[in-house]
Amino acid sequence: MTTVRIWFTKTGEASYISLLDLQRVMQRSIKRSGIPVWYTMGFNPHIYMTFANPLPLGQESLVESVDVKTELEQVPLENWRQALDRVMPLGIKVTRVTLPQYKAEKISFARYQLRMPLSAQASVDAYNQLETAVIQKKTKRGHKEIDLKQALPRIETEQKENELQAELLLTAGEGNNLNPSLWLNFMQEHCGLNPTDVSVLRTALLLEDQTDFR
């Protein structure tokens with residue numbers, strides 16, 4: 001059995017597809033593409049799929065991936081990419097198909113690009129002046145208190161044309177996942193920033209040494 005990793009972007013309206021619906025989209029697209037993937041056994045066989053670090057609704061990404069399995073020993077990776085990309089819905093583009101080098105649990109960080117109006121600078125300045133930024137993060141065992149300043153002591157912005165851009169590097173992975181939505185929720189409550197004015201794009205998934213997950 002060979003594991004194959006399908007890399008894709010999720011932008012525009014596709015960013016509002018939930019994980020459950022994304023699973024359905026991928027199931028249908030894989031079936032339409034005709035690539036020979038492996039199905040689970042049992043009463044209700046379905047395509048084996050594992051997504052790495054799925055995003056909340058509304059966030060875009062250039063580095064989404066899903067693992068599938070096949071009984072082929074030699075996988076025509078580029079042929080798979082082309083076959084899949086032809087049947088994907090608007091907003092999802094298959095960028096490459098690879099044989100994975102690392103399991104998803106090796107993901108330790110994620111990099112995000114934030115775009116916001118120029119007027120958001122006052123809110124960012126207010127955050128930078130704070131000594132602490134304590135939030136309650138929901139976990140499987142309840143809620144956990146986190147100081148965002150430990151992960152994001154300062155937000156540096158850069159003006160490009162008529163907007164501000166900022167880059168966030170946050171911990172990721174099972175049990176230690178920080179998402180920009182936590183920062184945006186804090187900013188709305190304490191610094192007057194409207195989260196709907198901010199677009200979030202994930203640009204990289206990284207290992208512990210901050211090299212690319214692949």
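Analyst: Let us begin with accessibility, where buried means under 20% relative accessible area, exposed means over 50%, and partly exposed lies in between (1.4 Å probe, protein chains only). In this predicted model, D21 has 35% relative accessibility and therefore counts as partly exposed, and R24, with a relative accessible area of 42%, is partly exposed as well. The model's local features need pLDDT of at least 70, side-chain atom pairs count only at pLDDT 80 or more, and totals for chains, interfaces and linings use all residues. Residues are numbered from 1 along each chain as its sequence is written, and side-chain values use heavy atoms, with hydrogens and water left out.

User: What does D21 form with R24?

Analyst: A salt bridge is a side-chain nitrogen of Lys or Arg within 4 Å of a carboxyl oxygen of Asp or Glu, and D21 forms one with R24, their closest N and O atoms being 2.6 Å apart. Both lie in helix α1 (residues 19-33), 3 residues apart, about one turn of the helix, where helices are DSSP runs of H or I with at least four residues, numbered from the N terminus.

User: Is R81 buried or exposed?

Analyst: R81 is buried, because its relative accessibility is 18%, whereas its salt-bridge partner E78, at 2.9 Å from N to O, is partly exposed at 41%. R81 and E78 are 3 residues apart in helix α2 (residues 77-85), about one helical turn.

User: How many salt bridges are there by this rule?

Analyst: The count comes to 8, including the one between D85 and K93 (3.2 Å, N to O), in which K93 is partly exposed at 45%.

Technical notes. Helices (H or I, at least four residues) and strands (E, at least two) are DSSP runs, numbered from the N terminus.
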